[in-house]
Amino acid sequence: MISRRSLLVALLFVVLIGLPGSNANSQTTNADLLTQAWKASWIRHPDGPTREFGVFHFRKSFTLPSAPRRFVIHVSADNRYELFVNGQRVATGPARGDLNHWRYDTLDIASHLQAGKNVLAAVVWNYAEFAPMAQMMNEAGFVLQGDGDDEAIANSDASWKALKDDAVQTIHYDTKSMRGYFVVGPGERVNGSGYPWGWEKAEYDDSAWVPAGVIGRAAPRGARDSPSRWYLIPRNIPMMEETPEHLARVVRSQGVDAPGDFLGGHAPLTIPANTHAKILFDQSHLTTAYPELSVSGGRGSEVSLTYAEALFIDRHKGNRNETEGREIFGYHDEFLPDGGAHRQFRSLWWRTYRYLQMDVTTQTEPLVVEDLHGAFSAYPFEMRAQFQSDDPELAKMWEVGWRTARLCAHETYMDCPYYEQLQYVGDTRIQALISLYMTGDDRLVKNAIESLDESRTPEGLTQSRYPSWLPQYIPPFSLFWVDMMHDLWWYHGDAQFLRGYLPGARNVLVWFENRLTPSGLLGGMEWWNFVDWSDTFKNGDPPMEQNGQSSILSLQFVAALRAAADLETAFGSAQQAEHDRALASRVAAAVYKTCWDPKRRLIADTPVRQQFSQHANILAILEDAVPPADQAALMKTVLTDPSLTQATYYFRFYLIRAMKKAGFGDQYLDQLGPWRQMLALGLTTWAEKPEPTRSDCHAWSAHPNFDLLATVAGIEPGAAEFRQVEIRPHLGALHELQATLPHPQGEIHVAYQRKGKGLVADVVLPEKLSGWFYWEGKRVALHGGRQHLTF
């Protein structure tokens with residue numbers, strides 16, 4: 001049996017060689033750091049404050065006899081840090097977690113060190129009561145541990161120096177001021193006159209700084225009698241991407257004209273003295289980026305940067321490309337230059353914007369704006385999938401969906417980057433499938449499964465979103481967590497990883513089983529039972545009887561039971577699998593018995609049979625609550641009866657699953673009307689829900705990227721862990737299509753051409769992969785390598 005220590009060492013090695021700045025030749029790390037208290041201590045500014053907002057700088061100078069070939073360090077902070085080595089930014093972190101699972105980053109900084117004097121410098125900030133909801137915390141602190149004896153000179157302790165930075169203050173935003181639920185943290189106000197310019201550079205004079213205060217020795221999770229509150233575990237995802245991106249165009253300006261070369265960073269923009277200037281920029285698409293502003297002069301000036309997904313007219317967005325008569329509304333940062341040369345403002349956390357407005361008010365000195373651009377930041381996904389067809393609008397949808405998925409994936413998946421930045425399970429399940437199909441990268445998927453497991457309550461439920469300092473529970477989302485495990489196993493694999501989460505899945509299902517009513521349906525459940533933002537679902541809850549009975553919630557339970565049963569059969573308990581399957585069948589049968597309306601030939605939302613939705617009938621098809629022989633007729637009604645409560649963008653993901661199961665896959669492209677409408681409105685990412693929408697970027701609406709591959713190209717697993725492939729194209733009106741799908745063994749390539757009523761298909765599979773190709777009732781065996789099929 002592989003020991004826990006061995007697994008941790010392996011994880012640490014993988015993390016080390018995968019991080020930017022790491023030396024791939026560094027194949028060992030100090031395994032004791034995974035089980036024993038560190039020699040380094042958590043440090044802070046001795047005068048605090050520790051649990052109120054604060055920005056703190058730390059420095060450590062040391063001398064090396066020669067430039068090292070290897071210098072591995074492990075770094076963390078609360079809330080967050082940026083680390084510089086001899087003036088160069090080398091890391092930003094840590095990845096988000098909770099106090100019982102606090103991440104630390106491992107990197108090899110040898111390439112940034114030199115013979116002689118070296119300086120490590122870190123800025124650490126604690127948002128305290130203004131923190132993003134996804135940012136959990138204890139108190140302001142920083143820790144840096146050298147991997148071995150050679151790096152011990154860098155260990156954080158009282159030899160480090162500290163400075164409290166009073167120049168940085170917060171600008172508070174809340175749901176009321178932002179016209180919608182808003183929990184991503186504060187804006188920043190930086191007073192250049194008090195800022196310690198050059199603090200990160202080796203030549204900076206830190207003689208006035210004070211010795212750092214020691215909180216206590218750092219320790220990993222599992223260490224005996226940990227002397228500090230943060231239980232440290234290794235980072236399990238790569239560092240975030242940062243790529244410079246320049247603003248695309250000036251929409252309008254007032255008080256000053258921007259030279260044409262300013263946007264590319266090739267010419268400065270001078271704001272005269274005693275001037276109020278306003279420039280509205282368009283990035284041309286939504287982005288998540290650190291704004292980076294460089295200025296000279298302008299002592300006493302004020303610069304404000306405002307960020308927005310769209311412009312507004314009478315509090316409505318309308319077409320996102322239209323700017324005439326529209327104004328910007330959003331959160332902002334403020335920078336007060338001190339008159340020095342080449343002063344740079346960069347926010348501590350990234351911002352979300354398509355439109356960015358710079359307002360400048362100068363006093364007696366002109367301000368020279370040398371550059372304003374963004375440093376795009378997101379999880380470093382690399383698109384390996386491809387999709388091309390003879391419908392050019394699908395290519396645009398592919399682009400917009402990919403951008404949506406990227407902007408909603410950072411250190412965790414996020415529902416939306418502008419308003420919440422929270423990892424909700426319902427959103428994350430869809431995001432995970434998009435990631436696996438478009439990139440083949442499973443690391444953020446596994447991080448989500450692990451993080452949500454860490455959120456579970458003693459009663460069994462996961463939280464609806466995690467990490468989050470404010471607990472929230474949506475019981476159906478706990479079922480989606482179980483479904484996510486099945487998705488990872490079915491579409492990608494790694495039973496060894498998933499096996500450890502089966503006990504948690506069992507606890508989730510027991511929680512629901514304990515709430516079954518004598519009718520066989522789920523009864524009243526605590527918390528918020530969100531299903532969809534459909535107009536007739538109050539607060540997203542489906543219709544329920546007074547005792548809580550709901551066909552929709554009951555069928556979601558059935559789906560999770562069957563997903564768990566598959567996992568139990570594969571690598572868990574056969575007895576538990578038998579129990580889960582039998583219970584799923586009983587609940588599905590109870591839904592049909594109590595909720596089937598023979599007159600309308602529909603599953604009602606409750607046994608009273610007064611309300612009907614697409615949702616209940618979608619799930620009834622997926623879970624065979626309706627006899628298979630009746631499913632095609634039922635699906636036709638679902639697609640054509642406008643009296644049914646309609647699924648919004650999010651739940652249409654499940655609509656497509658039901659369509660395919662009932663034999664309506666060729667109508668998939670006809671279901672893309674809402675996405676075509678969003679394109680017509682100028683959206684560059686997919687919105688949360690139909691207009692009027694709060695969020696312009698919600699990854700749960702990006703599922704067409706998954707379905708262009710899984711439904712239109714028709715590439716899906718034919719066995720668990722994608723050990724076989726089944727290809728069932730649903731081309732609709734398309735005549736030509738080429739697609740590439742990343743597979744655990746390599747890549748799958750398909751190319752289709754319609755020839756009258758026939759089809760010519762070229763398929764290339766990884767060498768050891770086999771499967772089947774289905775077309776018009778015919779089935780042809782597939783083998784590794786290239787094959788040419790004619791139907």
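A: We begin with a pair of strands (DSSP E runs of at least two residues, numbered from the N terminus). Strand 4 (residues 80-85) pairs with strand 7 (residues 116-126) in the antiparallel sense, over 6 bridges; pairing requires that DSSP find at least two bridges between two strands. Within this structure, Glu82 has Val123 of strand 7 as its bridge partner. The model is predicted, so local features need pLDDT of at least 70 and side-chain atom pairs count only at pLDDT 80 or more, while totals for chains, interfaces and linings use all residues. Residues are numbered from 1 along each chain as its sequence is written, and side-chain values use heavy atoms, without hydrogens and water.

Q: What is the strand order of the open sheet of 6 strands?

A: Strands of a sheet pair through backbone hydrogen bonds, either parallel or antiparallel. Here the order is 5-4-7-2-9-12, with antiparallel pairing. Strand 5 (88-93) and strand 12 (210-211) are the edge strands, each pairing on one side only.

Q: Is Arg103 buried or exposed?

A: Buried means under 20% relative accessible area, exposed over 50%, and partly exposed in between (1.4 Å probe, protein chains only). Arg103 counts as buried because its relative accessibility is 5%. This residue belongs to strand 6 (residues 102-108).

Q: Which side chain joins that of Arg103 in a polar contact of 3.1 Å?

A: A polar contact is a pair of N or O atoms within 3.5 Å; within protein, one must be able to donate a hydrogen and the other to accept it, and residues adjacent in sequence count only if both atoms are side-chain atoms. The partner is the side chain of Glu450.

Methods:
Helices (H or I, at least four residues) and strands (E, at least two) are DSSP runs, numbered from the N terminus.
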